[in-house]
Amino acid sequence: MNEQVVRVVEIEKLTPRIKRFRLVSVNGKLASFSPGSHLAVEIPLAKRQYNSYSLCSSPYQTNFYDLAVLLSENSRGGSEYLHQITTGTELKLGLPKNSFALNSLARKYILIAGGIGITPLISMLFVITRHQIPFELHYAAKSPTECAFYRFLQQYGDRVKFYFSERGNRLNPKQILQEQPLGTHVYLCVPQSLREDCRGAASALGYPKSAVHRELFGAVKTNKFKPFTAVLARSEQRIDVPQDKTLLEALEAAGIKANYSCRAGGCGACEVKVIEGEINHLDSYYSPAEKAEQNRILTCISRAKSKQLVIDL
Amino acid sequence: MTNSPKAIKNFPFPFKSDAYMYSVNIQPVTNEALFDVDEHYHGEIEERDRILQADKSGRYFAFPHMKDAQWDALEIIMNDLADYYPESFTLTQEGDRWTWLNKKLNLEDTFTFLDETTLPYEPFEYISRQVQEDIILLDQREGDLFLDAGILTFPASWSLDFDAGMRFEEFHGPVPRAHELGVFKKAKAFLMRVQIGKPWTRLNWTMTVNRRLDTSLETYADWGSDRNTVTLDNCGEKVHLRVEVQRFVRLPRSNGLMFPIHTYLISLEELVTNPDWTRRLYQVLKNLPPDLVEYKGLSLYHHTVITWLSQVVDEPELAEFHS
Amino acid sequence: MLSIPQVTKLQFDLSGSRHLICVEDEAIEIVYTRMAELKRIPENLQILQTGATVISRKDLKVEQFDSVRNLKDRLREILDRAMMGMRFYGVGSERFVWDLNRCARSFGLSEEEISLETSDRGSKNIYCANCQTINCVDNTDVFTCYSCGTKLEVLEHFSR
């Protein structure tokens with residue numbers, strides 16, 4: 001995955017728990033990306049791992065990437081590692097991928113962010129404003145000091161609205177979504193409960209499903225999951241998947257070459273056939289009918305209901 | 001215009017087995033140019049220019065929401081040409097000020113990246129006039145791919161104007177069998193996941209009478225009747241195998257897809273200089289199901305070509321087969 | 001063939017909060033039939049129709065227009081001010097329905113928000129590949145392009 005090598009040239013503390021890293025290429029040019037993209041960062045700890053972060057610089061900026069990283073309490077150590085590095089550190093990155101792309105025909109965009117969920121929406125703002133399409137950004141955070149990009153967002157005037165929970169301001173999805181013009185597209189990067197509220201409000205107002213988009217990574221907490229065993233049908237190898245790891249991570253740790261792209265259950269790239277066992281589908285890729293078939297799994301996110309899952313690898 | 005021995009040697013012969021059937025048959029492109037600049041460059045660029053002058057509205061279009069995709073295409077094509085043909089093409093980038101040098105066309109332009117007022121044409125038209133490939137740009141949205149920009153001067157029996165704005169399965173509508181086999185559904189799902197920097201390629205083929213690249217629906221009146229003129233005597237010279245090398249490239253900033261199509265023509269006379277190709281083509285044409293013969297427009301001369309090839313193939317029992 | 005638009009039965013999408021129907025002449029009977037199949041008539045319903053109502057109904061207000069052009073002017077006016085939640089329905093000849101569908105799409109309505117039904121009567125637009133003229137003809141297999149005189153065989157491939 002050493003597709004791009006970058007050097008950290010600037011670190012800015014955006015909030016007490018969020019740092020912005022500016023990265024330039026060490027070995028040539030940075031790959032361009034579309035608004036809403038994320039990429040994998042290799043975390044060179046004893047147990048190598050990859051964390052996905054949204055790009056929050058302008059897609060028209062060719063010289064650097066910006067990433068904003070929240071110091072996460074129940075992380076696997078990735079955000080802790082990034083929060084202690086200094087400028088000059090080299091990092092290995094994957095190529096940008098997008099499972100949260102802007103609909104190019106929208107007549108208006110409504111962007112809704114909660115906390116660190118602001119990052120993919122920042123890259124969208126550069127594109128939306130270049131094309132002069134109307135937009136609103138609604139951004140919920142704890143307080144102005146806990147609100148990343150607070151100063152940066154002032155330039156957009158009253159098109160950006162802040163909701164600070166400390167001051168008792170609450171974001172009201174129905175109020176935001178009602179009376180929006182035809183061709184409005186909504187982009188949600190918010191915690192799960194607020195996401196459900198937004199989707200519920202959109203649906204009640206008659207928004208079609210295709211007009212409501214959501215970014216998924218970070219959505220699934222792994223601590224409530226049960227461990228299971230994956231049996232590879234071709235090699236008969238048995239791989240234990242602990243509760244805090246995904247099937248994909250367990251396959252990677254066992255040195256098995258597995259396809260993946262979004263690592264968030266949204267793109268379908270990591271699909272594997274399931275021969276035996278009951279699947280706990282956690283993705284947003286399959287239709288309910290496809291999920292009911294119980295014959296395919298997205299390894300990056302879904303798990304087993306049964307103790308064991310026989311997969312076609 | 002004919003092919004040199006070198007061009008014949010490099011011809012992308014498409015058949016890997018004796019029975020041809022639709023499949024996604026897609027391969028990764030690695031360490032290879034996406035755009036091919038060959039000995040027909042000047043002739044084909046002039047031909048493209050002539051066709052665009054005669055009928056630009058039918059052969060070129062880009063919807064307004066494809067602006068970022070246009071710049072993506074320009075950037076990828078310029079970098080590809082400059083990387084693989086440095087003796088002919090140079091791209092100098094100083095911040096947003098880019099200078100493009102095309103020595104083959106004796107052309108040099110300095111422009112501001114992302115500012116289309118600084119180019120003589122809009123970006124996609126500007127660069128696509130300098131390559132031999134037909135190119136379509138697909139917008140990815142609503143879980144689908146839409147044909148929302150394109151330049152098409154060398155098509156195999158289709159019309160860009162007619163197909164503008166169509167969904168992926170719609171513009172593939174007339175292809176027989178493949179829908180039933182689910183080929184396009186799978187192909188679309190695959191294409192929607194093509195990643196930045198990881199392009200793919202596939203071959204497609206048909207046959208054309210006379211060395212004619214522009215077999216568009218718009219000019220059907222000019223070439224349709226040529227298919228009545230094939231005889232055993234002129235078959236080797238007149239009938240050409242037509243192969244499209246198609247590429248699938250993710251457009252990074254717009255999240256669209258670029259689909260360049262390079263069309264190669266080889267006359268049967270040229271093709272039979274390679275005995276393996278002769279044998280293979282003979283078998284494929286013999287095994288081709290009737291609906292595909294019809295779809296590929298071969299009905300009028302399919303049998304003549306098979307007879308002609310049977311006389312060239314050095315397998316004794318074949319003469320008997322067609323006696 | 002998949003290239004032919006799958007215009008089937010008009011489906012009222014009750015997840016919408018407003019419903020706008022555009023209907024050509026007598027095709028309004030189709031609308032009445034489809035409505036009769038529902039448990040209740042959708043709220044916030046608006047109907048634009050060309051020509052005169054064949055069977056008028058007291059419970060439905062229908063705005064009538066003397067031409068498709070005037071109906072489309074009104075449609076644009078409505079769509080320009082319409083809010084998310086609207087559903088659009090087109091009922092009439094293939095030509096009418098796809099013309100209005102294009103208009104609705106240009107205001108950002110997605111396919112999910114649109115339902116169409118064609119009446120078997122009426123005409124089609126046939127594209128002449130030779131001169132790019134769009135001919136309006138009745139259902140037929142072969143005809144002569146009125147612009148360039150080329151004899152055309154009609155292929156079943158649908159264009160937007």
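**A tour of chains A and B**

Begin with chain B and select helices α12(B) and α14(B), where α12(B) passes α14(B) in a left-handed crossing (the near helix is turned anticlockwise from the far one by less than a right angle; clockwise would be right-handed). The model on display is predicted, so local features need pLDDT of at least 70 and side-chain atom pairs count only at pLDDT 80 or more, while totals for chains, interfaces and linings use all residues. Residues are numbered from 1 along each chain as its sequence is written, and chains are lettered from A and ligands numbered from 1 in the order in which they are written.

Keep residues 275–287 (α12) and 302–312 (α14) of chain B selected: these two helices pack at an angle of about 145°, and their axes lie 10 Å apart (lines fitted to C-alpha atoms over the stretch in contact, with angles from 0 to 180 degrees between N-to-C directions). Next, show the side chains of the contact (C-beta atoms, placed from the backbone, within 7 Å). On α12(B) they are B:T278, B:L281, B:Y282, B:L285 and B:K286, and on α14(B) they are B:H302, B:V305, B:I306, B:L309, B:S310 and B:V312. This contact comprises 7 nonpolar, 3 polar and 1 charged residues (Ala, Val, Leu, Ile, Met, Phe, Trp, Tyr, Cys and Pro are nonpolar, Asp, Glu, Lys and Arg charged, the others, Gly among them, polar).

Now view chain B as a whole. Its secondary structure comprises 15 helices and 10 strands (DSSP runs numbered from the N terminus: H or I of at least four residues, E of at least two). Its C-alpha atoms fill a box of roughly 70 × 45 × 40 Å along the principal axes. Of the 323 residues of chain B, 39% are buried (20 or more other C-beta atoms, placed from the backbone, within 10 Å of the residue's own). Among contacts in chain B between residues at least 6 apart in sequence, 70% join residues at least 24 apart.

Turn to chain A and colour its domains: domain 1 (4–93), domain 2 (108–214) and domain 3 (228–311) (bounds from an automatic or database domain assignment). The centres of domains 1 and 2 of chain A, taken over C-alpha atoms, are 24 Å apart. Where they meet, 15 residues of domain 1 of chain A contact 14 residues of domain 2 of chain A. On the domain 1 side, select β1 (4–15) and β5 (65–70) of chain A, each of which supplies at least two residues. That side holds 9 nonpolar, 6 polar and no charged residues.

Finally, display both chains: 19 residues of chain A are in contact with 14 residues of chain B. The chain A side consists of 10 nonpolar, 8 polar and 1 charged residues.

Definitions and conventions:
A residue is buried if 20 or more other C-beta atoms lie within 10 Å of its own, exposed if 12 or fewer, and partly exposed in between; C-beta atoms are placed from the backbone. Two residues are in contact if their C-beta atoms, placed from the backbone, lie within 7 Å.
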